[in-house]
Amino acid sequence: MKLKAFIVLFALSICISTQAAIVDTVQVKSKKMNRNIPCVIISPDKQTGKTYPTLYLLHGYSGNHKTWIGIKPNLPQLVNEYGIIVVCPNGENSWYWDSPINANSQFETFVSDELIKYIDKNYPSIPNRKKRAITGLSMGGHGAMWLAIRHQDIFGAAGSMSGGLDIRPFPDNWDMKKQIGEEDKNQQIWEEHTVINQLDKLENGSLAIIFDCGYSDFFLTVNKNFHQGLLDRKIDHDFIVRPGWHNAEYWNNSIDYQLLFFNKFFNKKDTKTE
């Protein structure tokens, strides 16, 4: 009887651990852009009376709200295992700025304000910066750091995977000029809209930071420069360089490390509601 009971309990534990999370595709209204933005929201399947930390997960250039599910098909299972909500908005090719020249591309406001309010109203999230993190790949890595540094009252932790953390070496790439104008005619705007020039807004400990990049990635130099900028300001952070290119294989691996980092952040014993 004891052996049978053990087998039943073991089988039950396997079933529970592999249960799929709830995956919703929703349209979130942006008042600032006067249109709906599609988002994928992944939440644990057991929600009765429980609330969860939230990770905002941003895609890169030419991606969309479905990108991360494609890169990491077991993301719903990881959501269940960690007990978090993951939110993947469609950021289009916005670089997650509020564009000064394109009124139809106001994604800083959308992600850091409108989407946050939607999630906290409609999902069992914990409305506390210490239970809210943001990360992304490539353009989304720049976006995550841009948003977190500029909105430290909203996000308590930030990450970047192969992020374009300094846009200035790439003035003709990835449609950035459609959002902030041509670099040679708008140098001040370019200086103001690159995340590496936002570091003076940080104090040590004000934001939990993790970022990584592959040795063979064209963004490696700007990631090293971002790392040095944080060192110069004595800002604690995790910076990881590992073998890899600017591709889905690298990000599929990278997100595992970042989830561990954010899980540790979410579960800090000294967390207090703000």
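The structure is a predicted model, in which local features need pLDDT of at least 70, side-chain atom pairs count only at pLDDT 80 or more, and totals for chains, interfaces and linings use all residues. Residues are numbered from 1 along each chain as its sequence is written, and side-chain values use heavy atoms, with hydrogens and water left out.

Helices (H or I, at least four residues) and strands (E, at least two) are DSSP runs, numbered from the N terminus. Two strands count as paired if DSSP finds at least two bridges between them. β7 belongs to an open sheet of eight strands with mixed pairing, in the order β1-β2-β4-β3-β5-β6-β7-β8. The edge strands, β1 (22–30) and β8 (238–242), each pair on one side only.

β6 and β7 run parallel and are joined by five bridges; S160 stands opposite F211 of β7. β7 also pairs with β8 in the parallel sense, over five bridges, and the bridge partner of I210 in β8 is D238. From β7 the chain crosses through helix α8 (residues 220–232) to β8 in a right-handed β-α-β crossover (with the strands pointing away from the viewer, the path from the first strand over the helix to the second runs clockwise).
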